[in-house]
Amino acid sequence: MTATSVHSTAAIHPSAQLGDGVDIGPYAVIGEDVVLGPRVRVGPHAVVEYAEVGEGCQIHAGAFVGTAPQDLKYRGERTRLVLGPGCTVREAVTLNRGTAATGLTKIGARCLFMAYSHVAHDCIIGSEVIVANSVAIAGHCEIGDWVVLGGMVGLHQFIRVGKLAMIGAGAMVPLDIPPFAMAQGDRAVLHGLNLVGLRRRGFSSDDITAVKQAYRALFFTSGSTLIELAQRLASEAATAPVRDMARFILESSRGVCRPAARKAQAEDQGF
């Protein structure tokens, strides 16, 4: 068992629960209804409230975790933020708790939130997500596992980003980004597939080939709507990644980002 360390200037609410080996720095505030798992570190001047923080999380100086949502409909309901184990929350990050709509903002394991990034209310974020500096994620967004959001990306509310997608720095995203895709620009458009990410995650050559063929079929086929093409893939696809792509498109309520220059992209990625 590792001793818990709390700086003498830190403020700890009586309801807070501190796990073994927790380290709380100078002038940090651990507010009401907080559970800090084992070996959580909270840096100087950070604020944590109405949150469950998983084992081994590192919350750096001046970060705000579980604070009230920036939503004019919020009326002080008792909602919550859950931060999975092994996450890193860098300086001045803001992670807001949920509203009455869902009651919860939920973040998976081993995510990295770089300085000044923001996650709004009622978001669901997967595991091993990288959120670069000054990214702004609006309310009710859903981010899949292994997603990378480049610096200063902005996501419109209710946006979904599929797993293993990558969004380039400065992109403004008004529509859903399919799994495995790369997107960039204002307004964001698709720029092929995250092939490096697929290989790094151990996808087989056959699966990668199938994903490439599915991307071509969805976005480079004329004569059918995207929904019709996705329905066809969902019923015919032999591999799970392709079925994931098709289901994601069929479940979209905002619409899906498309490629900008279809022919050029196809040639660039060897489609």
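## Basis

The model is predicted: local features need pLDDT of at least 70, side-chain atom pairs count only at pLDDT 80 or more, and totals for chains, interfaces and linings use all residues. Residues are numbered from 1 along each chain as its sequence is written, and side-chain values use heavy atoms, with hydrogens and water left out.

## The parallel sheet

Eight strands make an open sheet with parallel pairing, ordered S3-S6-S9-S12-S15-S18-S21-S24. Strand S3 (17-18) and S24 are the edge strands; each has a single partner, so one side of each is left without a neighbour in the sheet. Strands here are DSSP E runs of at least two residues, and helices are H or I runs of at least four, numbered from the N terminus. Two strands pair if DSSP finds at least two bridges between them.

Strand S18 (residues 124-125) pairs with S21 in the parallel sense, over two bridges. Ile124 has Glu142 in S21 as its bridge partner.

## The H2-H3 pair

Helix H2 (residues 205-219) and helix H3 (residues 226-236) have axes that come within 8 Å and cross at roughly 150°. Axes are lines fitted to C-alpha atoms, for helices over the stretch in contact; angles run from 0 to 180 degrees between N-to-C directions.

From H2, Ala214, Ala217, Leu218 and Phe219 meet Leu226, Leu229, Ala230 and Leu233 of H3. By class, this contact has eight nonpolar, no polar and no charged residues. Contact means heavy atoms within 4.5 Å. Ala, Val, Leu, Ile, Met, Phe, Trp, Tyr, Cys and Pro count as nonpolar, Asp, Glu, Lys and Arg as charged, and the others, Gly among them, as polar.

## The largest pocket

The largest pocket holds about 250 Å³ of space. Its lining has 13 residues; Gly144, Arg160, Gly162, Lys163 and Phe248 lie nearest the centre. A pocket is an open set of points on a 1 Å grid over the protein atoms alone, where a 1.4 Å probe fits, with protein on both sides within 12 Å along at least five of seven lines; lining residues have an atom within 4 Å of a point. Points are joined across faces, edges and corners, and volume is the space filled by probe spheres set on them.

S21 (142-143), S24 (160-161) and helix H4 (240-250) each supply at least two lining residues. H4 gives the largest share, three residues. The lining counts five nonpolar, two polar and six charged residues.

## The second largest pocket

About 190 Å³ lies in the second largest pocket. Its lining includes Glu128, Trp146, Met166 and Arg201. Helix H1 (residues 195-200) contributes the most, with three residues. By class, this lining has six nonpolar, two polar and three charged residues.
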